[in-house]
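Trainee: I would like to learn how to read a fold from its coordinates. Can we go through one together?

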Amino acid sequence: MRIAIVGAGGIAQKAYFPLLVQRPDLEIVCLYSRTQTTLEKAAQNWGIRTGSTNLQDVITFKPQAVFVLSSNDSHYSICKMMLENDLDVYVEKPITLSSVQGFELAQLADERQRILMVAFNRRYALLYQQAKQILSDRNIQMAVFQKHRPQLYHTNLYNQYTDDTIHQIDLMRYYCGNLQVLSTSYEMQDNKLANAVSTASMDTGGLAVLINSLQAGAWQESVSLHAEGISVHVSAFRDLRVVYSDHEEIFGNDRPGKWIPDLRERGFNGEIEHFFECLKTRQMPLTNAWEAAKTQELVEKLVLASGDRID
């Protein structure tokens, strides 16, 4: 299969080049980057022979699918361009910086009968998937989603939720279904976001809580789900603890937890494999554009609940 890659930044280097360049069934016909230096360095490091700083060249090389791994603010225009040229698209999260634009892309993909998949790798991560299977059809009564980092870097809540916490917000929808936003509170320090807490209620009953700290001891991510006599705790990407009334079960504590050995554990292998399977079968991806636009819409509602603007 002929593919093109748009973007050669950090996420492309850490997660996508290591997986895509080694596949014997793929031919990378074009790599695009806005800057010549970045393009040349990435092409040399990963053995990609053809590249360009002209986005139109991506279409000229006639790929069958395009991986859009560029900056968040470029997703809308690039995805729109590729879809209008009848190309299937895999785009890193978020789908766009606006749910309105996200729904527009979802509609366009349907009209052009194209696959548009968004990279929410947590839905494909092994422990998160296992937690979903263990819970089965039980109604969750309390769900707590946490994401912590040891440094302040976003200047407002919207940027934090859209750029980083969006993974946990998507997991809220993955496990809890439709949510009604109740509240959001946050604290600033030195003109940067330091802490944030959001709450929402589930259509089936129960509460969901989202917690962020940007002054934690280290990077941490976890999900705790409580439902009908069972508690399921995921400490990403290390272990899964299932607590019953009379015993506990622990899974995943033998996994390495590093970027390269851990790409399957983190869900990158799974989501890429799912994308190519969808290309073959023309089935709707698990993280399709409609799902991604709904997650972006929830991001916006959570931010608006704080009293902040989303523009």
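Predicted model: local features only at pLDDT ≥ 70, side-chain atom pairs only at ≥ 80, totals over all residues.

Trainee: Which strands does β11 join by bridges, and how do they run?

Mentor: First the terms. Strands (E, at least two residues) and helices (H or I, at least four) are DSSP runs, numbered from the N terminus. Two strands pair if DSSP finds at least two bridges between them. Here, seven bridges join β7 (residues 142–148) to β11, and the two run antiparallel. Another six bridges join β11 to β12, again antiparallel.

Trainee: What is found in the hairpin of β11 and β12?

Mentor: Two residues lie between the strands, and E228 takes a positive phi near 45°.

Trainee: How many residues of β11 are buried?

Mentor: Buried means under 20% relative accessible area, exposed means over 50%, and partly exposed is in between (1.4 Å probe, protein chains only). In β11, six of the eight residues are buried, so the strand is largely enclosed by the rest of the structure.

Trainee: What is the strand order in the open sheet?

Mentor: The open sheet has six strands in the order β3-β2-β1-β4-β5-β6, with parallel pairing. Its edge strands are β3 (51–52) and β6 (116–119), each of which pairs on one side only. Four bridges join β4 (residues 65–68) to β5 (residues 88–92). F67 stands opposite Y90 in β5.

Trainee: Is A4 buried or exposed?

Mentor: A4 lies in strand β1. It is buried, with a relative accessible area of 0%. Contact means heavy atoms within 4.5 Å. Not counting residues up to four places away in sequence, A4 touches C30, V58, P63, A65, V66 and F67.

Trainee: Which helices lie across β2 and β5?

Mentor: Compare directions here. Axes are lines fitted to C-alpha atoms, for helices over the stretch in contact, and angles run from 0 to 180 degrees between N-to-C directions. Helix α2 (residues 36–46) lies across β2 (27–32) and β3, at about 155° to β2. Helix α9 (residues 268–281) lies across β1 (2–6), β4, β5 and β6, at about 165° to β5.

Trainee: At what angle do α8 and α10 pack?

Mentor: α8 and helix α10 (residues 289–304) pack at about 110°, with their axes 9 Å apart. They are therefore roughly perpendicular to each other. On the α8 side, I166, I169, D170 and R173 meet residues of α10 including E291, K294 and L298.

Trainee: Which residues of α6 are buried?

Mentor: In α6 (residues 126–135), the buried residues are L127, Y128, Q130, A131, I134 and L135. They cover an arc of only 160° around the axis, which puts them on the same side of α6. That arc is taken from the directions from the helix axis to the C-beta atoms. What covers these residues includes α8 (166–176), β11 (220–227), β12 (230–235), β13 (239–243) and β14 (248–251). Just after α6, S136 takes a positive phi of about 55°.

Trainee: Where are K62 and R282 found?

Mentor: Check phi and exposure together. K62 is in the loop between α3 (56–60) and β4. Its phi is near 55°, a positive value in a residue other than glycine. At 63% relative accessibility, K62 counts as exposed. R282 is in the loop between α9 and α10. R282 has a positive phi of about 65° although it is not a glycine. With a relative accessible area of 37%, R282 is partly exposed.

Trainee: Which peptide bonds are cis?

Mentor: The bond from K93 to P94 is cis, with omega near -10°. P94 lies in the loop between β5 and α5 (99–111). The bond from A236 to F237 is also cis, with omega near -10°. F237 lies in the loop between β12 and β13.

Terms used
Residues numbered from 1 in each chain as written. Heavy atoms only, no water. Parallel < 35°, antiparallel > 145°, perpendicular 65-115°, else oblique.
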